[in-house]
Amino acid sequence: MIRKARVVVASLVLLAITAMFLDYTGTLHEYFSWLAKIQFLPAVLAINVGVIIGLVALTAIFGRLYCSVICPLGIFQDVLGKVLKLNGKSWKQHKYRFSYSPAKSILRYVMLGLLVIAIVAGINIIVTLLAPYSMYGKFVSTLFAPVMKVVSMGVEYIDERLGTYLIYPNDVVLSGGLACIFGVLFIALCIVASKNGRTYCNTICPVGTVLGFISKYSLLKVQIDTDKCKNCGLCEKRCKSSCLNAKEHKIDYSRCVACFDCIDECKHGAVSYTLRKNNAKVKNVDEGKRAFVTGVALAVGASAVKAQHKTVDGGYATIIGKTVPPRTTAPVPAGSGSVSNMERHCTSCQLCITACPNRVLSPSQELGSFMQPRMSFDKGFCRVGCTACSDVCPTGAINKIKKEEKTAIAVGQAIWIADNCIAVSKDENCGNCARHCPSGAIEMVVREGVSAKAVPVVNTEKCIGCGACEHVCPSRPISAIYVEGYKEHHIR
């Protein structure tokens, strides 16, 4: 019964998080974004003390229940282990494919230390690849979302032919390069999960290492009653964490993810989930050396996290077929406060990108900010009244802001290039940028010696970098006006 309850809750959590990442209408983010904010590493980066205390307390009482019920990547590995059957094995052979193996402690410590160093040094790409929640988000956004796009295109086609126009167009951007990178990682995860279950969780995942230290002392534990045990070994063969040594009746609680498969398998009642006992019948793998290393690493990682900043933006439209001059600094969303704050806190989970209703955010291709959100205005511009990205960010990379605050935050500044402007190059009237500027920062002025037609003049005191001017500029092939991002956002 306890295992069935865990499976039901875990399934609902995985479905909700997956649906949230796939929802391009923004409807589900309002209901399920809290699931992103209760993930362990995002909560640490956001210095969300309440969530951190809650997860630590959960682990201290129930063991690594977080890994089997809350973490989407952990739950997804269980799904892969159930669905995939490699090497032509029957379901029974696949079911009992596990066996006990000693902990890879050195590798676990190295991965945890690497994450701490990456956070301290601001090496985003390492954080991106080690954060379990964010890794799952990238799998969904780069691999599953394009599939959904293809399906939705078919539905939209039928909808259009029927003349109902009820389906909202899906603007998911397909990236071949990112799909290849995360496709390879996804295949690797599938192979490992199918053959060895929770190997990733117990050898690579830094969150698993930290929670594993706490779960060693948890109040409730899976325990073996040696008087009832018949030494059949089936519990060990079902243990996806490879932490149960049936021969010696030992359990490595730092690796046990509280999946309860062993309890479900034992027909003699020898395995149970009860209050911790300190008698000879229940034995535990000694993990004493892990305490100091893990505790120090966690303390250093937490102290490396800095405070957050503030920011904001605004607009909407649709033009294609032009390029933008290279930006010295790509703008980051309102609420992030600065590029450095974004780089320190963001784990590139892609949730803000999927939540953005105007498709202003896209993953960075730069190595130093790999997969972190950056603003571009080819599909739309940032509406002043929209705070979707700040509402869903779980890490503090984009702090929550109010709509009225956003109108006063400048994330960048519009730059005008005279030679590209059609008022100069073609001697034609335009004024698109001024008409669409929501902050009234652009004025059309006739400037002697520049053009006989009115050209845009940007008031830097009013400009907030929303990108409306860049988005609607008709100049081809290079835009005549574009937004240069600020490293530090300003309050107007």
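1. The structure, which is a predicted model, holds zero disulfides, a disulfide being a pair of cysteine sulfur atoms within 2.5 Å. In general terms, such a link is a covalent bond between the sulfur atoms of two cysteines. Cys235 is in no disulfide, and the nearest cysteine sulfur, that of Cys232, is 6.1 Å away. Cys235 counts as buried, with a relative accessibility of 11%; buried means under 20% relative accessible area, exposed over 50%, and partly exposed in between, with a 1.4 Å probe and protein chains only. Cys463 is likewise in no disulfide, and its nearest cysteine sulfur, which belongs to Cys469, is 6.3 Å away. Cys463 is buried at 6% relative accessibility.

2. Basis of the model. Residues are numbered from 1 along each chain as its sequence is written, and side-chain values use heavy atoms, with hydrogens and water left out. Because this is a predicted model, local features need pLDDT of at least 70 and side-chain atom pairs count only at pLDDT 80 or more, whereas totals for chains, interfaces and linings use all residues.

3. Cys469 is found in helix H23, residues 468-472; helices (H or I, at least four residues) and strands (E, at least two) are DSSP runs, numbered from the N terminus. Cys469 is buried, with a relative accessible area of 7%. Not counting residues up to four places away in sequence, Cys469 touches Ala414, Cys433, Ile442 and Ile481, where contact means heavy atoms within 4.5 Å. Of these residues, Ile481 lies twelve residues from Cys469 in sequence, and their C-alpha atoms are 6.7 Å apart.

4. Backbone geometry. A cis peptide bond, with omega of about 0 degrees, joins Arg476 and Pro477. Pro477 is found in the loop between H23 and strand E11 (481-491). Ala258, although not a glycine, has a positive phi of about 55 degrees. Ala258 sits in the loop between strand E3 (250-251) and helix H15 (261-265) and is buried at 3% relative accessibility. Arg359, also a residue other than glycine, has a positive phi near 55 degrees. The loop that holds Arg359 runs between helix H18 (351-355) and strand E6 (361-363), and Arg359 is buried, with a relative accessible area of 13%. As background, most residues other than glycine have a negative phi, and most peptide bonds are trans.

5. Nonpolar surface patch. Ile61, Phe62, Leu219 and Leu275 form a nonpolar patch on the surface, with about 320 Å² of accessible area together. Patches are made of residues with over 30% relative accessible area and no salt bridge, with like charges joined within 9 Å and nonpolar side chains (Val, Leu, Ile, Met, Phe, Trp, Tyr) within 5 Å. A salt bridge is a side-chain nitrogen of Lys or Arg within 4 Å of a carboxyl oxygen of Asp or Glu. Leu219 lies in the loop between helix H13 (206-215) and strand E1 (220-224) and is partly exposed, at 41% relative accessible area.

6. The chain overall. The chain has 23 helices and eleven strands, and 52% of its 492 residues count as buried. Its accessible surface comes to about 21,800 Å², of which 64% belongs to carbon and sulfur atoms; accessible areas come from the Shrake-Rupley method with a 1.4 Å probe, and for residues only the protein chains shown count as cover.

7. Confidence. The mean pLDDT of the chain is 84, and 84% of its residues reach 70 or more; pLDDT is the predictor's confidence in each residue, from 0 to 100. Over residues 279-320 pLDDT stays under 50, and the model has 143 contacts beyond four places in sequence for them. Where pLDDT is low, the predicted coordinates should not be read in detail.
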